[in-house]
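Work through the exercises below with the structure open. Each task is followed by a solution in steps.

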Amino acid sequence: MPTESSTTYRRIGALLHETGMVSEEKMRSVLHRAATYADDELDQYAAAQALESFGVAVSVHADDIDSIHDGYASLLADAAEAAGGRVTISGVRVVEGEGGFEGGRFDALEFERDGEPVSISAEHFAVDYYDHEAACRAIAETAHGDDPRSWRNVGFAREPGAGYDSIMVLATPGQREALHRHLGLTFP
């Protein structure tokens, strides 16, 4: 049985609503879909992942994806949607560097942000794995310049040797402080 201070979907939803990160309607719809597990206790990683269910975060998958050539476009579309669609991201492509993947291949992740070109250096070790640092930098480009929120990578307790998705949350400094204070999440 969860305690009052347990981290659950229900508690996360209430916190996101109280801090203005989601509407009451969004909170209720997510909790309705999560009804069978809304009161199950979550560790910090699961809590960070839950933020994506509420539409305030995106995750960069740690395991293999279909292809970096399609994956980044989908990832940036999700991030732009979470940011309210005020920035248009188009023409997402990976420009391959020299050589193969052994030891890492230095590519460029390129796209247009509101028609302006953006190029981010990316190191890929396979065609089906993201460069997490490059992906997170690209996600940060989806927030509008006058938005008081910004994208930040979520820090959480980690088990040695385990693989974790990178989870980026879109929040104001005050909202990040609330996520830290109530859920123990950090924003390194």
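**Exercise 1. Strand β6 and its partners**

Task: Find the residue in β6 that stands opposite valine 58, then describe the strands that pair with β6.

Solution. Step 1: Valine 58 has methionine 168 of β6 opposite it. The model is a predicted one, in which local features need pLDDT of at least 70, side-chain atom pairs count only at pLDDT 80 or more, and totals for chains, interfaces and linings use all residues. Residues are numbered from 1 along each chain as its sequence is written, and side-chain values use heavy atoms, with hydrogens and water left out.

Step 1: Strand β1 (residues 57-60) pairs with β6 through four bridges in the antiparallel sense. Strands, like helices, are DSSP runs numbered from the N terminus (strands: E, at least two residues; helices: H or I, at least four). Two strands count as paired if DSSP finds at least two bridges between them.

Step 2: Strand β5 (residues 150-153) is also antiparallel to β6, and four bridges join them. Tryptophan 151 has leucine 170 in β6 as its bridge partner.

Step 3: Now look at the side chains. In a regular strand they alternate between the two faces of the sheet. In β6, Ser166, Met168 and Leu170 point one way, Ile167, Val169 and Ala171 point the other way, and all are buried. Buried means under 20% relative accessible area, exposed means over 50%, and partly exposed lies in between (1.4 Å probe, protein chains only). The strand is thus mostly covered, with six of its six residues buried.

**Exercise 2. Two helix pairs**

Task: Describe how α1 packs with α6, and how α4 packs with α5.

Solution. Step 1: Two packed helices are described by the angle between their axes and the distance between the axes. Axes are lines fitted to C-alpha atoms, for helices over the stretch in contact, and angles run from 0 to 180 degrees between N-to-C directions.

Step 1: The axes of α1 (residues 9-18) and α6 come within 11 Å and cross at roughly 150°. The two helices are therefore roughly antiparallel; angles over 145 degrees fall in that class, those under 35 are roughly parallel, 65 to 115 roughly perpendicular, and the rest oblique. Arg11, Ile12, Leu15 and Leu16 of α1 make the contact with Ala178, Leu179, His182 and Leu183 of α6. By class, this contact has six nonpolar residues, one polar and one charged. Ala, Val, Leu, Ile, Met, Phe, Trp, Tyr, Cys and Pro count as nonpolar, Asp, Glu, Lys and Arg as charged, and the others, Gly among them, as polar.

Step 2: For α4 (residues 68-82) and α5 (residues 132-140), the axes come within 9 Å and cross at roughly 40°, so α4 and α5 are oblique to each other. Tyr72, Leu75, Leu76 and Ala79 in α4 meet Ala135, Ala138 and Ile139 in α5. The contact of α4 with α5 has seven nonpolar residues, no polar and no charged ones.

**Exercise 3. The open sheet**

Task: What is the strand order of the open three-stranded sheet, and which helices pack on the sheet?

Solution. Step 1: The order is β2-β3-β4, with antiparallel pairing. The edge strands, each pairing on one side only, are β2 (89-95) and β4 (116-124).

Step 1: β2 and strand β3 (residues 105-113) run antiparallel and are joined by five bridges. Arginine 93 has glutamate 110 in β3 as its bridge partner.

Step 2: Helix α4 packs on the sheet and touches β2, β3 and β4; its direction makes about 150° with that of β2. Helix α5 also packs on the sheet, touching β3 and β4, and its direction makes about 160° with that of β4.

Step 3: In the loop between β3 and β4 lies aspartate 114. Its phi is near 50°, a positive value in a residue other than glycine. Aspartate 114 has a relative accessible area of 41% and is partly exposed.

Technical notes
Contact means heavy atoms within 4.5 Å.
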